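User: I have a new structure to look at. Can you walk me through it?

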Amino acid sequence: MVRSRTEAAAELIRLEHERDRLTQALASLEPRREQARERLKRIDERARQLLAMLEVTKADDDAFDGVVRSPLSRFPKE
């Protein structure tokens, strides 16, 4: 509890300095946070692409189970 106006003023000044320090700390972290968010988006997108590819190849494997195919069958004939 504050005992006097002087103590209240001193605490207010201390709190303002602490607030400024924390504001500066947050400002310095924001660019890294944004970079991390963008990297996470790219990782999620790549993971979705890979999962889709695995689902397609699984469907192909299921459809052609037991059928021997030439490795060249993946390429169109000219």
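User: How many residues does H1 have, and how far does H1 reach from its first C-alpha to its last?

Analyst: H1 has 59 residues and reaches 82 Å from first C-alpha to last. That is close to the 87 Å expected at 1.5 Å a residue. The expected span is 1.5 Å times one less than the number of residues. A note on the source: this is a predicted model, where local features need pLDDT of at least 70, side-chain atom pairs count only at pLDDT 80 or more, and totals for chains, interfaces and linings use all residues. Residues are numbered from 1 along each chain as its sequence is written, and side-chain values use heavy atoms, with hydrogens and water left out.

User: How many helices and strands are there in the protein?

Analyst: One helix and zero strands. Both are DSSP runs numbered from the N terminus: helices are H or I with at least four residues, strands are E with at least two.

User: Where does H1 bend?

Analyst: At Glu30, by about 30 degrees. A proline, Pro31, follows within four residues. The bend is the angle between axes fitted to the seven residues ending at a residue and the seven starting there.

User: New topic. How many salt bridges does a search of the whole structure find?

Analyst: Five. A salt bridge needs a side-chain nitrogen of Lys or Arg within 4 Å of a carboxyl oxygen of Asp or Glu. Glu34 with Arg37 is one of them, with the closest N and O atoms 2.7 Å apart.

User: Why can such side chains pair at all?

Analyst: Side chains of opposite charge can pair when their charged atoms come close.

User: And how are Glu34 and Arg37 placed in helix H1?

Analyst: They sit three residues apart in H1, which spans residues 5–63, so about one helical turn separates them. An α-helix has 3.6 residues a turn, so residues three or four places apart point the same way.

User: Which residue does Glu38 meet in a salt bridge?

Analyst: Lys41, at 3.5 Å from N to O. Glu38 and Lys41 are also three residues apart in H1, about one turn. Arg48 forms a salt bridge with Glu45 too, at 3.1 Å between the closest N and O atoms.

User: What is the relative accessible area of Glu38 and of Lys41?

Analyst: Glu38 is at 31% and Lys41 at 48%. Both count as partly exposed. Buried is under 20% relative accessible area, exposed is over 50%, and partly exposed lies in between (1.4 Å probe, protein chains only).

User: What share of the protein's residues is buried?

Analyst: 0% of the 78 residues. The protein exposes about 7900 Å², and carbon and sulfur atoms supply 58% of that. Accessible areas come from the Shrake-Rupley method with a 1.4 Å probe; for residues, only the protein chains shown count as cover.
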